[in-house]
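Here is a short briefing to read alongside the model. Have the viewer open and follow the topics in turn.

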Amino acid sequence: MTVTVVLPGALRELADGRPSLALDGAPATVADALEALRAGYPAVYRSILTETGDVRPHINVFLGDTEIRRADGLRTALEGDVEIVILPAVSGG
Amino acid sequence: MPDTPIGHALEAGDVLLMVGTTKGAFLLRADGSRARWEIDGPHFPGEEVYALALDQRAGRRTLWAAPGNPFFGTTLRKSEDGGASWTDKEEHRVAFPEDSGLSLKRIWQIRPGPDGDPNRLLVGVEPSCLFETEDGGDTWRPVRGFLEHEHRESWTPGAGGMCLHTILQDPERTDRVVVAISTGGVYRTEDGGRTWRARNEGVRAEFLPDKHPEFGQCVHKVVHHPDRPERLFLQNHWGLYRSDDWGDVWVDIANGVPSDFGFGMAMHPNDPDTVYIVPMESDQFRCCPEAKLRVYRTRDAGESWEPLGRGLPQEGAYETVLRDALDTDASDPAGVYFGTRSGSVYGSASEGDSWTLIEGGLPPVVCVKAAVVA
(Lines give C-alpha, C1' and ligand atoms only; values in the text may rest on other atoms or scores of the structure.)
Protein backbone atom coordinates (compact mmCIF):
# COMPACT_ATOMS: atom_id res chain seq x y z
CA MET A 1 0.00 0.00 0.00
CA THR A 2 1.38 3.39 -0.99
CA VAL A 3 -0.27 6.66 0.05
CA THR A 4 0.91 9.83 -1.62
CA VAL A 5 -0.23 13.35 -0.83
CA VAL A 6 -0.11 15.63 -3.87
CA LEU A 7 0.38 19.29 -2.99
CA PRO A 8 -0.71 22.44 -4.81
CA GLY A 9 2.05 24.76 -5.95
CA ALA A 10 1.49 27.21 -3.11
CA LEU A 11 2.28 24.58 -0.49
CA ARG A 12 5.38 23.10 -2.07
CA GLU A 13 7.65 25.73 -0.53
CA LEU A 14 6.59 24.31 2.84
CA ALA A 15 7.60 20.80 1.74
CA ASP A 16 11.15 21.45 0.60
CA GLY A 17 9.86 22.13 -2.89
CA ARG A 18 8.36 18.68 -3.36
CA PRO A 19 5.18 18.34 -5.43
CA SER A 20 4.11 15.27 -3.50
CA LEU A 21 4.90 13.41 -0.32
CA ALA A 22 4.92 9.63 -0.03
CA LEU A 23 3.84 8.56 3.43
CA ASP A 24 5.33 5.82 5.53
CA GLY A 25 3.16 3.20 7.17
CA ALA A 26 -0.35 2.27 6.21
CA PRO A 27 -2.74 5.04 7.21
CA ALA A 28 -6.28 3.75 7.38
CA THR A 29 -8.07 7.03 6.74
CA VAL A 30 -7.46 10.45 5.22
CA ALA A 31 -7.14 11.81 8.76
CA ASP A 32 -4.46 9.24 9.56
CA ALA A 33 -2.59 10.16 6.40
CA LEU A 34 -2.59 13.87 7.20
CA GLU A 35 -1.57 13.12 10.77
CA ALA A 36 1.37 11.12 9.42
CA LEU A 37 2.34 14.09 7.29
CA ARG A 38 2.16 16.43 10.28
CA ALA A 39 5.34 15.26 11.98
CA GLY A 40 7.61 16.03 9.05
CA TYR A 41 5.71 18.94 7.58
CA PRO A 42 3.73 20.75 10.27
CA ALA A 43 3.28 23.89 8.19
CA VAL A 44 1.72 21.86 5.38
CA TYR A 45 -0.62 20.21 7.86
CA ARG A 46 -1.67 23.55 9.34
CA SER A 47 -2.27 24.96 5.88
CA ILE A 48 -4.77 22.20 5.17
CA LEU A 49 -6.42 21.82 8.58
CA THR A 50 -7.46 24.29 11.29
CA GLU A 51 -6.59 23.99 14.98
CA THR A 52 -9.82 22.07 15.47
CA GLY A 53 -8.77 19.45 12.94
CA ASP A 54 -11.23 20.50 10.25
CA VAL A 55 -10.31 20.94 6.60
CA ARG A 56 -10.03 24.68 5.91
CA PRO A 57 -13.17 26.04 4.25
CA HIS A 58 -11.56 26.84 0.89
CA ILE A 59 -9.40 23.73 0.63
CA ASN A 60 -10.59 20.61 -1.15
CA VAL A 61 -9.13 17.19 -0.44
CA PHE A 62 -9.66 14.64 -3.18
CA LEU A 63 -9.29 10.90 -2.99
CA GLY A 64 -9.27 9.90 -6.62
CA ASP A 65 -12.03 11.97 -8.20
CA THR A 66 -14.03 12.29 -5.00
CA GLU A 67 -13.81 15.30 -2.71
CA ILE A 68 -13.85 13.81 0.75
CA ARG A 69 -16.72 16.02 1.97
CA ARG A 70 -18.86 13.98 -0.47
CA ALA A 71 -17.58 10.77 1.07
CA ASP A 72 -16.92 10.22 4.75
CA GLY A 73 -14.87 13.37 5.32
CA LEU A 74 -11.57 12.89 7.07
CA ARG A 75 -12.78 9.42 8.11
CA THR A 76 -12.81 8.31 4.48
CA ALA A 77 -11.02 4.97 4.31
CA LEU A 78 -7.87 4.38 2.27
CA GLU A 79 -7.42 1.12 0.40
CA GLY A 80 -4.56 0.06 -1.86
CA ASP A 81 -2.29 2.55 -3.58
CA VAL A 82 -3.93 5.95 -3.45
CA GLU A 83 -3.24 9.61 -4.06
CA ILE A 84 -4.68 12.26 -1.81
CA VAL A 85 -4.77 15.48 -3.83
CA ILE A 86 -4.93 18.84 -2.06
CA LEU A 87 -6.35 21.70 -4.11
CA PRO A 88 -7.48 25.27 -3.42
CA ALA A 89 -11.23 25.63 -4.00
CA VAL A 90 -12.70 28.06 -6.50
CA SER A 91 -14.62 29.63 -3.62
CA GLY A 92 -11.58 31.28 -2.01
CA GLY A 93 -9.51 34.25 -3.11
CA MET B 1 2.18 37.93 -9.91
CA PRO B 2 3.34 41.45 -9.06
CA ASP B 3 7.03 42.21 -8.81
CA THR B 4 8.62 41.30 -5.53
CA PRO B 5 8.53 44.30 -3.20
CA ILE B 6 11.91 45.72 -2.42
CA GLY B 7 11.11 47.17 0.97
CA HIS B 8 12.17 50.53 2.27
CA ALA B 9 15.28 51.26 4.24
CA LEU B 10 13.68 53.18 7.09
CA GLU B 11 15.46 56.37 8.06
CA ALA B 12 14.96 58.55 11.09
CA GLY B 13 12.39 61.25 10.40
CA ASP B 14 10.65 59.30 7.65
CA VAL B 15 6.90 58.99 7.86
CA LEU B 16 5.79 55.44 7.17
CA LEU B 17 2.28 54.66 6.07
CA MET B 18 1.39 51.00 6.33
CA VAL B 19 -1.66 50.17 4.23
CA GLY B 20 -3.38 46.82 4.49
CA THR B 21 -5.79 45.77 1.76
CA THR B 22 -7.81 42.71 0.91
CA LYS B 23 -5.10 41.71 -1.57
CA GLY B 24 -1.85 42.57 0.16
CA ALA B 25 0.00 45.27 2.07
CA PHE B 26 1.60 48.42 0.73
CA LEU B 27 4.26 50.50 2.43
CA LEU B 28 4.41 54.21 1.64
CA ARG B 29 7.23 56.44 2.78
CA ALA B 30 7.71 60.20 2.78
CA ASP B 31 10.12 62.58 4.39
CA GLY B 32 8.93 64.84 7.17
CA SER B 33 7.30 67.27 4.73
CA ARG B 34 4.96 64.46 3.64
CA ALA B 35 4.71 66.13 0.22
CA ARG B 36 5.77 63.14 -1.88
CA TRP B 37 5.22 59.46 -1.20
CA GLU B 38 6.99 56.41 -2.52
CA ILE B 39 4.96 53.22 -2.59
CA ASP B 40 6.23 49.69 -2.27
CA GLY B 41 4.13 46.58 -2.63
CA PRO B 42 2.09 44.53 -2.62
CA HIS B 43 3.62 42.54 0.15
CA PHE B 44 1.84 39.18 0.51
CA PRO B 45 0.02 39.55 -2.84
CA GLY B 46 -3.41 37.99 -2.82
CA GLU B 47 -3.61 37.87 0.97
CA GLU B 48 -5.80 40.13 3.13
CA VAL B 49 -3.85 42.22 5.63
CA TYR B 50 -6.05 43.58 8.42
CA ALA B 51 -3.26 44.32 10.91
CA LEU B 52 0.09 46.09 10.59
CA ALA B 53 2.38 47.70 13.13
CA LEU B 54 5.79 49.29 13.51
CA ASP B 55 7.45 48.46 16.82
CA GLN B 56 10.10 51.04 17.68
CA ARG B 57 10.73 50.11 21.30
CA ALA B 58 14.27 49.50 22.51
CA GLY B 59 15.75 50.94 19.33
CA ARG B 60 13.97 48.53 17.02
CA ARG B 61 12.43 49.21 13.64
CA THR B 62 10.40 46.03 13.43
CA LEU B 63 7.49 45.78 11.03
CA TRP B 64 4.71 43.34 11.85
CA ALA B 65 2.05 42.13 9.46
CA ALA B 66 -0.76 39.59 9.67
CA PRO B 67 -1.49 38.34 6.16
CA GLY B 68 -4.48 36.07 5.80
CA ASN B 69 -4.35 33.62 2.95
CA PRO B 70 -7.89 32.82 1.81
CA PHE B 71 -7.01 29.16 1.41
CA PHE B 72 -4.26 28.34 3.87
CA GLY B 73 -4.98 30.55 6.88
CA THR B 74 -3.59 33.55 8.73
CA THR B 75 0.03 34.01 9.76
CA LEU B 76 1.99 36.61 11.67
CA ARG B 77 5.15 37.88 9.99
CA LYS B 78 8.00 40.17 10.95
CA SER B 79 10.50 42.26 8.99
CA GLU B 80 13.66 43.88 10.30
CA ASP B 81 14.62 45.45 6.98
CA GLY B 82 11.66 47.67 6.12
CA GLY B 83 9.77 44.94 4.32
CA ALA B 84 12.57 43.70 2.05
CA SER B 85 12.18 40.30 3.69
CA TRP B 86 9.67 38.73 6.05
CA THR B 87 10.00 35.88 8.48
CA ASP B 88 8.62 32.46 7.60
CA LYS B 89 5.02 31.46 8.18
CA GLU B 90 5.78 29.25 11.14
CA GLU B 91 8.08 31.52 13.14
CA HIS B 92 5.46 33.50 15.09
CA ARG B 93 2.59 31.10 15.16
CA VAL B 94 -0.66 32.36 16.67
CA ALA B 95 -3.05 29.46 17.20
CA PHE B 96 -5.81 28.45 19.56
CA PRO B 97 -5.23 25.43 21.77
CA GLU B 98 -6.67 22.36 20.08
CA ASP B 99 -8.95 21.72 23.07
CA SER B 100 -10.51 25.17 22.82
CA GLY B 101 -12.72 24.22 19.88
CA LEU B 102 -11.69 27.47 18.19
CA SER B 103 -9.58 28.14 15.13
CA LEU B 104 -7.90 31.35 14.07
CA LYS B 105 -9.71 33.16 11.32
CA ARG B 106 -8.05 36.57 11.21
CA ILE B 107 -5.65 38.79 13.15
CA TRP B 108 -7.22 42.22 13.58
CA GLN B 109 -4.77 44.13 15.70
CA ILE B 110 -1.06 44.05 16.56
CA ARG B 111 -0.14 46.11 19.60
CA PRO B 112 3.40 46.50 20.92
CA GLY B 113 3.37 46.40 24.72
CA PRO B 114 4.59 49.06 27.13
CA ASP B 115 7.94 50.75 26.53
CA GLY B 116 9.34 49.25 29.70
CA ASP B 117 8.60 45.71 28.54
CA PRO B 118 9.90 45.65 24.96
CA ASN B 119 9.45 41.90 24.44
CA ARG B 120 5.74 42.02 25.21
CA LEU B 121 3.21 42.35 22.40
CA LEU B 122 -0.50 41.68 22.13
CA VAL B 123 -2.65 40.72 19.19
CA GLY B 124 -6.41 40.77 18.87
CA VAL B 125 -7.97 38.09 16.72
CA GLU B 126 -11.13 36.58 15.28
CA PRO B 127 -12.87 34.73 16.82
CA SER B 128 -12.60 37.30 19.58
CA CYS B 129 -9.59 36.64 21.73
CA LEU B 130 -6.41 38.26 22.92
CA PHE B 131 -2.98 36.64 22.51
CA GLU B 132 0.25 37.71 24.19
CA THR B 133 3.95 37.11 23.82
CA GLU B 134 6.72 37.79 26.30
CA ASP B 135 9.63 36.90 24.03
CA GLY B 136 9.30 39.42 21.26
CA GLY B 137 6.87 37.36 19.23
CA ASP B 138 8.54 33.98 19.01
CA THR B 139 5.87 32.23 21.07
CA TRP B 140 2.27 33.29 21.61
CA ARG B 141 -0.39 32.14 24.02
CA PRO B 142 -4.02 33.12 24.44
CA VAL B 143 -4.85 35.26 27.47
CA ARG B 144 -6.70 32.56 29.40
CA GLY B 145 -9.01 34.88 31.27
CA PHE B 146 -10.31 36.15 27.98
CA LEU B 147 -10.32 32.83 26.16
CA GLU B 148 -12.40 31.29 28.93
CA HIS B 149 -14.61 34.29 29.61
CA GLU B 150 -18.12 33.38 30.71
CA HIS B 151 -19.64 35.73 28.12
CA ARG B 152 -17.93 34.06 25.17
CA GLU B 153 -20.91 31.92 24.23
CA SER B 154 -23.07 35.05 24.00
CA TRP B 155 -20.81 37.08 21.73
CA THR B 156 -21.94 37.18 18.10
CA PRO B 157 -20.24 38.27 14.89
CA GLY B 158 -20.87 41.58 13.20
CA ALA B 159 -20.63 42.02 9.44
CA GLY B 160 -16.85 41.99 9.66
CA GLY B 161 -16.70 38.90 11.82
CA MET B 162 -16.45 38.35 15.57
CA CYS B 163 -13.30 40.26 16.20
CA LEU B 164 -11.21 41.75 18.96
CA HIS B 165 -10.07 44.88 17.17
CA THR B 166 -8.98 47.34 19.85
CA ILE B 167 -6.27 47.03 22.51
CA LEU B 168 -5.52 49.96 24.84
CA GLN B 169 -2.92 49.80 27.58
CA ASP B 170 -2.43 51.92 30.66
CA PRO B 171 1.04 53.43 30.31
CA GLU B 172 1.34 53.57 34.11
CA ARG B 173 -0.17 50.20 35.08
CA THR B 174 0.72 47.29 32.87
CA ASP B 175 -1.95 45.10 34.44
CA ARG B 176 -4.73 47.36 33.14
CA VAL B 177 -5.82 46.73 29.55
CA VAL B 178 -8.99 47.70 27.71
CA VAL B 179 -10.15 45.75 24.67
CA ALA B 180 -13.17 46.07 22.42
CA ILE B 181 -14.91 43.37 20.45
CA SER B 182 -17.61 43.37 17.85
CA THR B 183 -20.01 42.30 19.01
CA GLY B 184 -19.54 42.02 22.72
CA GLY B 185 -18.45 45.52 23.67
CA VAL B 186 -15.71 46.93 25.87
CA TYR B 187 -13.92 44.77 28.44
CA ARG B 188 -11.28 45.79 30.97
CA THR B 189 -8.84 43.88 33.09
CA GLU B 190 -7.14 45.27 36.20
CA ASP B 191 -5.16 42.15 37.00
CA GLY B 192 -3.07 41.49 33.93
CA GLY B 193 -5.72 39.53 32.07
CA ARG B 194 -6.91 37.03 34.67
CA THR B 195 -10.35 38.60 34.90
CA TRP B 196 -12.25 40.88 32.56
CA ARG B 197 -15.33 42.99 33.28
CA ALA B 198 -17.71 44.32 30.66
CA ARG B 199 -17.58 48.14 30.67
CA ASN B 200 -20.50 49.30 28.54
CA GLU B 201 -22.75 51.38 30.80
CA GLY B 202 -24.35 54.04 28.64
CA VAL B 203 -23.47 52.48 25.28
CA ARG B 204 -26.52 51.66 23.14
CA ALA B 205 -27.19 48.40 21.35
CA GLU B 206 -29.76 49.50 18.76
CA PHE B 207 -29.96 46.01 17.30
CA LEU B 208 -31.07 44.31 20.54
CA PRO B 209 -34.44 44.41 22.32
CA ASP B 210 -32.63 45.60 25.45
CA LYS B 211 -30.87 48.76 24.27
CA HIS B 212 -28.55 48.91 27.28
CA PRO B 213 -27.34 45.41 28.11
CA GLU B 214 -24.30 44.70 30.27
CA PHE B 215 -22.49 43.48 27.16
CA GLY B 216 -23.27 42.66 23.55
CA GLN B 217 -22.74 46.12 22.09
CA CYS B 218 -21.19 46.40 18.65
CA VAL B 219 -18.27 48.68 19.41
CA HIS B 220 -16.37 49.61 16.27
CA LYS B 221 -13.32 51.41 17.69
CA VAL B 222 -11.97 52.92 20.92
CA VAL B 223 -9.02 55.33 21.23
CA HIS B 224 -7.25 57.22 23.99
CA HIS B 225 -4.25 59.48 24.47
CA PRO B 226 -1.28 58.32 26.57
CA ASP B 227 -1.19 61.66 28.42
CA ARG B 228 -4.76 61.14 29.58
CA PRO B 229 -5.23 57.42 29.27
CA GLU B 230 -8.33 57.10 31.45
CA ARG B 231 -10.37 59.12 28.96
CA LEU B 232 -11.65 56.89 26.19
CA PHE B 233 -13.44 57.81 22.98
CA LEU B 234 -15.68 55.24 21.33
CA GLN B 235 -17.19 54.90 17.87
CA ASN B 236 -20.14 52.57 18.16
CA HIS B 237 -22.46 50.85 15.73
CA TRP B 238 -24.70 53.88 16.18
CA GLY B 239 -23.26 56.18 18.79
CA LEU B 240 -20.26 58.31 19.70
CA TYR B 241 -19.20 58.20 23.33
CA ARG B 242 -16.59 59.34 25.81
CA SER B 243 -15.66 57.85 29.15
CA ASP B 244 -13.57 59.72 31.69
CA ASP B 245 -12.99 56.71 33.93
CA TRP B 246 -11.56 53.86 31.85
CA GLY B 247 -14.99 52.89 30.56
CA ASP B 248 -16.97 52.70 33.79
CA VAL B 249 -19.54 55.16 32.42
CA TRP B 250 -19.99 56.41 28.87
CA VAL B 251 -21.64 59.68 27.79
CA ASP B 252 -22.97 60.57 24.34
CA ILE B 253 -20.78 63.04 22.42
CA ALA B 254 -22.51 62.95 19.02
CA ASN B 255 -22.79 66.73 18.96
CA GLY B 256 -23.15 68.13 15.47
CA VAL B 257 -22.23 65.13 13.37
CA PRO B 258 -24.35 64.14 10.34
CA SER B 259 -24.48 60.58 11.64
CA ASP B 260 -23.17 58.85 14.71
CA PHE B 261 -22.69 55.64 12.74
CA GLY B 262 -19.16 54.95 11.58
CA PHE B 263 -16.17 52.71 11.94
CA GLY B 264 -12.81 54.48 12.12
CA MET B 265 -11.63 56.70 14.94
CA ALA B 266 -8.17 58.15 15.53
CA MET B 267 -6.55 60.11 18.33
CA HIS B 268 -4.49 63.22 17.72
CA PRO B 269 -0.92 62.34 18.72
CA ASN B 270 -0.21 65.52 20.68
CA ASP B 271 -3.57 66.82 21.86
CA PRO B 272 -5.72 64.67 24.19
CA ASP B 273 -8.81 66.72 23.25
CA THR B 274 -8.62 66.10 19.50
CA VAL B 275 -10.15 63.06 17.84
CA TYR B 276 -10.98 62.21 14.21
CA ILE B 277 -13.85 60.15 12.80
CA VAL B 278 -15.40 59.48 9.38
CA PRO B 279 -19.18 59.23 9.78
CA MET B 280 -21.18 56.83 7.60
CA GLU B 281 -24.82 57.48 6.75
CA SER B 282 -26.35 54.48 8.51
CA ASP B 283 -26.10 50.77 9.11
CA GLN B 284 -28.35 50.33 6.08
CA PHE B 285 -26.20 52.54 3.83
CA ARG B 286 -22.60 52.41 4.97
CA CYS B 287 -21.34 55.27 2.83
CA CYS B 288 -20.49 58.93 3.46
CA PRO B 289 -23.53 61.09 4.29
CA GLU B 290 -24.70 63.11 1.27
CA ALA B 291 -22.00 61.36 -0.79
CA LYS B 292 -19.49 63.87 0.58
CA LEU B 293 -16.22 62.46 1.85
CA ARG B 294 -15.58 64.29 5.10
CA VAL B 295 -13.52 63.60 8.15
CA TYR B 296 -14.90 65.11 11.35
CA ARG B 297 -12.68 66.51 14.08
CA THR B 298 -13.37 67.48 17.64
CA ARG B 299 -10.89 69.70 19.45
CA ASP B 300 -12.85 69.81 22.69
CA ALA B 301 -13.18 66.15 23.56
CA GLY B 302 -16.49 65.73 21.80
CA GLU B 303 -18.35 68.88 22.82
CA SER B 304 -18.44 69.81 19.13
CA TRP B 305 -17.32 68.37 15.80
CA GLU B 306 -16.28 70.13 12.58
CA PRO B 307 -16.28 68.73 9.03
CA LEU B 308 -12.96 68.54 7.17
CA GLY B 309 -13.49 68.16 3.45
CA ARG B 310 -11.03 70.50 1.76
CA GLY B 311 -9.34 68.49 -0.97
CA LEU B 312 -11.69 65.52 -0.59
CA PRO B 313 -14.44 64.60 -3.10
CA GLN B 314 -17.61 66.47 -2.17
CA GLU B 315 -20.00 64.91 -4.63
CA GLY B 316 -20.62 61.38 -5.75
CA ALA B 317 -18.35 60.03 -3.04
CA TYR B 318 -20.01 56.77 -2.04
CA GLU B 319 -17.07 55.82 0.11
CA THR B 320 -16.65 53.61 3.14
CA VAL B 321 -13.82 53.90 5.66
CA LEU B 322 -13.41 50.85 7.87
CA ARG B 323 -12.50 50.63 11.54
CA ASP B 324 -8.73 50.41 11.23
CA ALA B 325 -8.35 52.52 8.10
CA LEU B 326 -7.93 55.89 9.88
CA ASP B 327 -4.80 56.93 11.73
CA THR B 328 -2.51 59.83 12.64
CA ASP B 329 1.24 60.22 12.70
CA ALA B 330 3.19 61.83 15.53
CA SER B 331 4.46 64.80 13.54
CA ASP B 332 3.85 68.43 14.43
CA PRO B 333 1.60 69.39 12.74
CA ALA B 334 0.09 65.94 12.90
CA GLY B 335 -0.58 63.93 9.79
CA VAL B 336 -3.97 62.28 9.37
CA TYR B 337 -4.58 59.44 6.93
CA PHE B 338 -7.37 57.16 5.83
CA GLY B 339 -8.10 54.55 3.21
CA THR B 340 -11.35 53.63 1.51
CA ARG B 341 -12.97 50.43 0.41
CA SER B 342 -12.64 51.76 -3.13
CA GLY B 343 -8.85 51.62 -2.79
CA SER B 344 -7.88 55.25 -2.25
CA VAL B 345 -5.57 56.57 0.44
CA TYR B 346 -5.91 60.20 1.47
CA GLY B 347 -3.64 62.19 3.72
CA SER B 348 -3.39 65.52 5.45
CA ALA B 349 -0.16 67.09 6.66
CA SER B 350 -2.15 69.87 8.33
CA GLU B 351 -4.06 68.03 11.04
CA GLY B 352 -7.00 67.56 8.68
CA ASP B 353 -7.39 71.14 7.44
CA SER B 354 -6.67 70.07 3.86
CA TRP B 355 -6.23 66.73 2.12
CA THR B 356 -4.58 65.17 -0.90
CA LEU B 357 -4.97 61.83 -2.63
CA ILE B 358 -1.81 59.91 -1.81
CA GLU B 359 -2.58 56.77 -3.77
CA GLY B 360 -5.54 55.41 -5.74
CA GLY B 361 -6.36 52.19 -7.47
CA LEU B 362 -5.43 49.93 -4.61
CA PRO B 363 -7.52 46.93 -3.56
CA PRO B 364 -10.08 47.68 -0.84
CA VAL B 365 -8.26 49.27 2.10
CA VAL B 366 -8.89 47.65 5.49
CA CYS B 367 -5.99 48.99 7.55
CA VAL B 368 -3.96 52.21 7.67
CA LYS B 369 -1.22 52.68 10.27
CA ALA B 370 1.06 55.71 10.35
CA ALA B 371 4.34 56.21 12.19
CA VAL B 372 7.27 58.59 12.29
CA VAL B 373 10.49 56.61 12.19
CA ALA B 374 12.57 57.32 15.28
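Does Tyr337(B) count as buried or exposed? At 1% relative accessibility, Tyr337(B) counts as buried, where buried means under 20% relative accessible area, exposed over 50% and partly exposed in between (1.4 Å probe, protein chains only).

This is a predicted model, in which local features need pLDDT of at least 70, side-chain atom pairs count only at pLDDT 80 or more, and totals for chains, interfaces and linings use all residues. Residues are numbered from 1 along each chain as its sequence is written, chains are lettered from A in the order in which they are written, and side-chain values use heavy atoms, leaving out hydrogens and water.

**Confidence**
- The model scores ipTM 0.88 and pTM 0.95.
- Chain B averages a pLDDT of 96, with 99% of its residues scoring at least 70; pLDDT is the predictor's confidence in each residue, from 0 to 100.

**Nonpolar cores**
- The largest nonpolar core has 53 residues, of which Leu17(B) and Phe338(B) touch the most other members. Such a core is a set of buried Ala, Val, Leu, Ile, Met, Phe, Trp, Tyr and Cys residues joined through side-chain atoms within 4.5 Å.
- Strand β28 (residues 365–372) of chain B gives this core its largest share, 6 residues. Strands (E, at least two residues) and helices (H or I, at least four) are DSSP runs, numbered from the N terminus.
- Another core, of 29 residues, lies apart from it and includes Val3(A), Leu11(A), Leu14(A) and Val30(A).

**Helix α2 of chain A**
- Val30(A), Ala33(A), Leu34(A) and Leu37(A) are the buried residues of helix α2 (residues 30–40) of chain A.
- They cover an arc of only 95° around the axis, so they are on the same side of α2(A); the arc is that of the directions from the helix axis to the C-beta atoms.

**Aromatic rings**
- Over all chains the count comes to 14 aromatic pairs. Rings of Phe, Tyr and Trp (its six-membered ring) pair if their centres lie within 6.5 Å; planes under 30 degrees apart count as stacked, over 60 as edge-to-face and the rest as tilted.
- Trp37(B) and Tyr337(B) are edge-to-face, because their ring centres are 5.7 Å apart and their planes at 85°.
- Trp37(B) lies in the loop between β2 (24–30) and β3 (38–43) of chain B and Tyr337(B) in strand β25 (residues 336–339) of chain B, so the pair ties together parts that are 300 residues apart in sequence.
- Trp37(B) also counts as buried, at 16% relative accessibility.
- Phe146(B), Trp155(B), Tyr187(B) and Trp196(B) form one aromatic cluster.
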